[in-house]
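Please walk through the fold shown below, one site at a time.

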Amino acid sequence: MAAVMAMTAPEASAAEVEIYDLSLDDNLETPEIKNSKVSQKVQDYQYEVAVQLKKANYDVELMRDNEVIVITIPAGQLFNPNDTVVNSLGKVSLKPLTRYLRNPGFYKMLLVMHTDNTGSDKYTLNLSRSRVNAVFDWFEANASVDFLVPYALGATDPAVDNNSMENRKRNRRLEVFLVPDKVMINQAKKGRIDINYIGK
């Protein structure tokens, strides 16, 4: 038994390190689902999850041919102005998302923090880094983070032009990407996807 554990632990660590070493774009594109029937199963499942999230009042989109869910949460819903501590409303907003981390390897969850362009590049990058780390730390205290990857983009990827107070508010946001990972894909190959089923 000990020998088996000794062999599997390094493999698990290698898998975790791999996703942390990938760029945001690479993590969004992998693992690629090449089988069209499997992809369709994943798309159907992700659509249903997106509908549930919409009903719970999240701002939700689908990307990568409807395989990846994008949840956008305004930074003002997570943090007080210029602050880097998740506030009480932020905790309420994040708590329902912990369910997507309960089955390790079912999803990769990518946390991408953005700011507006107020302040220097260094300031906006540091602010987004401190904020995404605070969100990561909150998840670490409340869920498994083996498949959770944080990214800080500062003001480099605005959703809209930073030409008004309203637009700057829209640019201050956390994007949460739910990317299908190996457990979901293997379930899709067997014909039934269930986040609550933890097994081979």
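Thr115 touches Thr124, Leu127, Ser128, Gly154, Ala155, Asn171 and Arg172, leaving aside residues up to four places away in sequence; contact here means heavy atoms within 4.5 Å. The model is a predicted one, in which local features need pLDDT of at least 70 and side-chain atom pairs count only at pLDDT 80 or more, while totals for chains, interfaces and linings use all residues. Residues are numbered from 1 along each chain as its sequence is written, and side-chain values use heavy atoms, with hydrogens and water left out.

Thr115 sits in the loop between strand S3 (107-114) and helix H5 (121-142). Helices (H or I, at least four residues) and strands (E, at least two) are DSSP runs, numbered from the N terminus. With a relative accessible area of 3%, Thr115 is buried; the cut-offs are under 20% for buried, over 50% for exposed, and partly exposed in between (1.4 Å probe, protein chains only). The side chain of Thr115 also reaches the backbone nitrogen of Ala155 at 3.4 Å.

Ala75 belongs to another loop, between strand S2 (68-74) and helix H4 (88-94). Ala75 counts as buried, at 2% relative accessibility. Not counting residues up to four places away in sequence, Ala75 touches Arg131, Arg172 and Arg173. Of these, Arg131 is 56 residues from Ala75 in sequence, and the two are 8.9 Å apart in space, C-alpha to C-alpha.

Next comes the helix pair. The axes of helix H3 (residues 36-55) and helix H7 (residues 182-190) come within 9 Å and cross at roughly 115°. Axes are lines fitted to C-alpha atoms, for helices over the stretch in contact, and angles run from 0 to 180 degrees between N-to-C directions. That angle makes H3 roughly perpendicular to H7, since angles under 35 degrees count as roughly parallel, over 145 as roughly antiparallel, 65 to 115 as roughly perpendicular and the rest as oblique. H3 contributes Val38, Lys41, Val42, Tyr45 and Gln46 to the contact, and H7 contributes Met184, Ile185, Ala188 and Lys189.

Some backbone details remain. Most residues other than glycine have a negative phi, and most peptide bonds are trans. Thr30 and Pro31 are joined by a cis peptide bond, with omega about -5°; Pro31 lies in the loop between helix H2 (24-29) and H3. Asn57, although not a glycine, has a positive phi of about 70°, and Asn57 is exposed, with a relative accessible area of 71%.

Definitions and conventions. A polar contact is a pair of N or O atoms within 3.5 Å; within protein, one must be able to donate a hydrogen and the other to accept it, and residues adjacent in sequence count only if both atoms are side-chain atoms.
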